[in-house]
Amino acid sequence: MHLANRSLVTAACSAAVLLAALTGCAPQPEAGPQTKASGQAGGTAGACAPGKLATEVPGKLTVGTDKPAYAPWFSDDDPSNGKGFESAVAYAVAKQLGYDRDAVVWQHTPFNSAFAPGAKKFDFDINQVSINEDRKKAVAFSSGYYDVRQAVVALKSSKAAKATSLADLKDVKLGAQVGTTSLEFINDLVKPDQKPAVYQRNDFAKSALKTGQVDAIVVDLPTAFYITGAEVPEATVVGQFPNSTDNPEQFGLVLDKESALTSCVSGAVDALRKDGTLAALEKEWLSDAVDAPVLK
């Protein structure tokens, strides 16, 4: 470079440094492409730009759930049809994030795998996963999208059907799906005399109920009403467990522990709760989940 030109450049640079020092505004580097591995939750409008998130597959939103996909959360074991509460919620969240229905990709993710430690292949999972502190050690959660209660289902001919309190359930054989809050409620609240039966899937628990292997099973309240209304009509919803008013149980969308999408997804859920969408979907798909007696 010519000596005179170099002097001019040096002077210009010195002036820029002096200006930055006086104003406290250093020149900003050019923004690089957003990556999923950034580990920063996207809280700004730019980070949550509609349809531009750093997803597993660029331009797509990958949503995990288990199979079978049970009613009333899904319909016809097909999460992609938009029917059932959780299918509808997933598409509503996707729309809020700027992804049309054809940009949503569903992925089979076993229930326990969704919140187990390790990297995830979904952007978020929706599968009646309750938010709790133990699970937060391995994964991240969105804001809660559904306030849930646990309930007891028993055959009408069973002695468990006559229960009106937690004490009435202590001497009955109870069952629940492994890894669920339902099983925790049995162990922590009922504390039955007999060790509860544990099943890999709710289907197996329902079969055990029908064949009399257990006196009653514990599931979330909407599932309880669906079981008794459509699958096991000879069963009844005995009652529901009390929920803590300070810390109510909620279902949340599950994300990778280091997901950069967590705050964007939570923001979408919060917006859907605020504008009444979640309440409308709950009324549409979970209307059968009416009040049941509280077992205290």
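How many helices and how many strands does the protein chain have? The protein chain has nine helices and ten strands, where helices (H or I, at least four residues) and strands (E, at least two) are DSSP runs numbered from the N terminus. Before we walk through them, keep in mind that this is a predicted model, in which local features need pLDDT of at least 70 and side-chain atom pairs count only at pLDDT 80 or more, while totals for chains, interfaces and linings use all residues. Residues are numbered from 1 along each chain as its sequence is written, and side-chain values use heavy atoms, with hydrogens and water left out.

Let's start with the whole chain. Buried residues make up 47% of its 296 residues; buried means under 20% relative accessible area, exposed means over 50%, and partly exposed is in between (1.4 Å probe, protein chains only). Now take the contacts between residues at least 6 apart in sequence: 70% of them join residues at least 24 apart. Contact here means heavy atoms within 4.5 Å.

Next, have a look at an open sheet of five strands. Its order is S7-S6-S8-S5-S9, and the pairing is mixed; two strands pair if DSSP finds at least two bridges between them. Strands of a sheet pair through backbone hydrogen bonds, either parallel or antiparallel. At the edges you'll find strand S7 (197–199) and strand S9 (235–240), each pairing on one side only. On average, neighbouring strands of this sheet are turned by 30° against each other, direction ignored. For these angles, axes are lines fitted to C-alpha atoms, for helices over the stretch in contact, and angles run from 0 to 180 degrees between N-to-C directions.

Zoom in on strand S5 (residues 150–155) and strand S8 (residues 216–220): they run antiparallel and are joined by five bridges. Helix H5 (residues 181–190) lies across S5, strand S6 (174–177), S7 and S8, running at about 145° to S6.

Leaving aside neighbours within four places in sequence, the residues in contact with glutamine 150 include Phe185, Val218, Gln240 and Glu249.

Helix H6 (residues 202–210) has a buried set too: Asn202, Ala205, Lys206, Ala208 and Leu209. Why do they sit on the same side of H6? They cover an arc of only 160° around the axis, which puts them on that one side; the arc is that of the directions from the helix axis to the C-beta atoms. What covers these buried residues includes S5, S6, S7, S8, H7 and S9. Just after H6 comes glycine 212, with a positive phi of about 80°.

Now for the nonpolar cores. Such a core is a set of buried Ala, Val, Leu, Ile, Met, Phe, Trp, Tyr and Cys residues joined through side-chain atoms within 4.5 Å. The largest one has 37 residues, and Val93, Leu97, Phe124 and Tyr145 touch the most other members. Among the elements that give two or more residues to this core are helix H2 (85–97), strand S4 (139–147) and helix H8 (262–274). H2 provides the largest share, nine residues. Apart from its neighbours within four places in sequence, valine 93 is in contact with Phe124, Leu253, Val265, Ala268, Val269 and Leu272. A second, separate core of 19 residues includes Leu155, Tyr199, Ile217 and Leu221.

The loop between S1 and H2 holds proline 68 and proline 72. A cis peptide bond joins lysine 67 and proline 68, with omega about 5°, and another cis bond joins alanine 71 and proline 72, with omega about 0°. Aspartate 77 lies in the loop between S1 and H2 and has a positive phi of about 55° although it is not a glycine.
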